Amino acid sequence: MSTIIRQLGRWLLNWVQEAGSMTLFLLQGLALAFTPPLRPRRLLEEINFIGVKSTLIILLTGAFTGMVLALQGYYTLRKYGSEGALGSAVALSLIREMGPVLTAIMVSARAGSAVTAEIGIMRITEQLDALETMAVNPMQYVVMPKLLAGLIAVPLLTAIFDVVGILGGYLTGVVLLGVSSGSYFSGMVQSVELLDVNGGIVKSLVFGLTIILVASFKGYHTQHGAEGVSRATNQTVVMSAVLVLAWDYVLTSFFM
Amino acid sequence: MIRIIDLHKSFNGQVVLDGINLEMPTGKITVVIGKSGVGKSVLLKHIIGLVKPDRGQVLIDGLDITQLKGRKLQDIRKRFAVLFQGGALFDSLNVFENIAFPLREKTRLPEAEIFNRVQERLAEMNLSPEVGNKLPDELSGGMKKRVALARAMIQEPEIILFDEPVTGLDPPMSNTVFHLINKTHAASGYTALVVAHDLPEVFQVADYVAMLHHGRIIAYGSPEEIQSHEDPLVQSFIKGEVDFLEA
């Protein structure tokens, strides 16, 4: 029994220590955004990598998510004779929950793992040390642009996901299942409030920062060669997904 | 002058440096030799402040780098360049961009001037201008080392640290790299620390040699003095005898 408690205590201490280190890492990274030299080109490169290159996968997942939501929603609402509410059901599900969460998970899987691998390889091949020896702060050159790019790109990708999802829902609900086009959009306009949109934006900002923070932190502290990079990448994907869902619950409780 | 005074460092209870005392005279090449894993690279990383010691000092012209942080540490690092074991070239940049990197980051030179300086360094390292367009992954080991040396030299630093500069290279390429170190040193007169275990080739660049063993400097002197040193450990290492304790 005492062994279990000891192990639990050790796990808890490690967890608290890692959470503290990650918070300091985040504060340091964000503070460097206001310290010269500013490198707008580096920021654009990272927005391109994290955001632009994730667009296709977001378009695909957004479209199919909207289509599935419409399909499921249609058969559920039909039982109550409320097919007209399909538009609002699809839009609210996407804007409040599915858009921010699925976008974050897709970005984490595509860009988060790549960010960890990139920084991890820079660590084990001494590229980060090389930056330091050239009097270039690796946190400022490598990490900070990625954090800002996450903050900028993920909300934009979420917006794309929402719009494409709504159009996917339209395709299934209106074109294939015969729901009235007018009721699909008018229901949406009546039911979606500014608070829903704001909630989605806040969630996507928090998720964007979280996944790139986890990815950068894990990469930056990679040890033990290629195996370490592999482990860090794996931890990034798992931890990002869990944190996104945990944050989702916390933020949803604020916006309900 | 770089002076290391009573430097101690342990990792997870394992002593790596156990009271290092060493002087590296200005404008000279000091070579630290020793078996793999004795802490030569750890010692090098202390000199540029990448690793903090448990105890001891690293004085760069009287300034203790182990106590410096932030801007002051960055300022002193501007006097240094490091040639890392694997080159540490940035994967995402081509050769030209790698060599130009310190100039673009730390100076306001016009692009035309940067271009000229990079071409000069490429020529100095016997690399053709076309190599500038290649990515580090497309280069051989010897070319990577030469590009890394070009990058290290581009800002004409006062001090250069070489971490295993010829490890993994064939003998002709090793000699080429040592020749380039000699050539650039003769031209610039920088202070250098070379960490290596490549004997006897490394003696061709050394003004002074120190041997690291079990976390301590057990021999120090000119290459001739080290080659005729009476310590059996030094002789055994120089002759490349089988280490029965490790074999």
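I call a residue buried when its relative accessible area is under 20%. The model I am reading is predicted.

**Entry: strand β8 of chain B**

I looked up residues 191-196 of chain B, which form strand β8, and found six of six buried. I then checked the two sides. Side chains in a regular strand alternate between the two faces of the sheet. On one side of β8(B) I noted Thr191(B), Leu193(B) and Val195(B), and on the other Ala192(B), Val194(B) and Ala196(B); all are buried, so both faces count as covered under the 20% cut-off.

**Entry: neighbours of β8(B)**

Which strands are joined to β8(B) by five bridges? I found β3(B), residues 29-33, which runs parallel to β8(B). I also found β7(B), residues 159-163, again parallel to β8(B). I traced the chain from β7(B) through helix α6(B), residues 171-188, to β8(B), and recorded a right-handed β-α-β unit.

**Entry: helix α8 of chain A**

I turned to residues 194-220 of chain A. This helix, α8(A), has 27 residues and spans 39 Å between its first and last C-alpha, close to the 39 Å expected. I counted 19 of the 27 residues as buried.

**Entry: the cavity**

I searched for cavities of 30 Å³ or more and found one. The largest cavity has a volume of about 180 Å³. Its lining has 16 residues; nearest the centre are Met134(A), Phe80(B), Ala81(B), Pro102(B) and Arg151(B). I listed α5(A), β6(B) and α5(B) as each supplying at least two lining residues. By class, I have 11 nonpolar, two polar and three charged residues in that lining.

Methods:
Residues numbered from 1 in each chain as written. Chains lettered and ligands numbered in written order. Predicted model: local features only at pLDDT ≥ 70, side-chain atom pairs only at ≥ 80, totals over all residues. Heavy atoms only, no water. Buried < 20%, exposed > 50% of the residue type's maximum accessible area, 1.4 Å probe, protein only. Helix = DSSP H or I, 4+ residues; strand = E, 2+ residues; numbered from the N terminus. Pairing = 2+ DSSP bridges. Right-handed = clockwise from strand over helix to strand, strands pointing away. Expected span 1.5 Å × (residues − 1). 1 Å grid on protein atoms, 1.4 Å probe; cavity = no way out; pocket = protein on both sides within 12 Å on 5 of 7 lines; lining within 4 Å. Points joined across faces, edges and corners; volume = space filled by probe spheres on them. Nonpolar A, V, L, I, M, F, W, Y, C, P; charged D, E, K, R; others polar.
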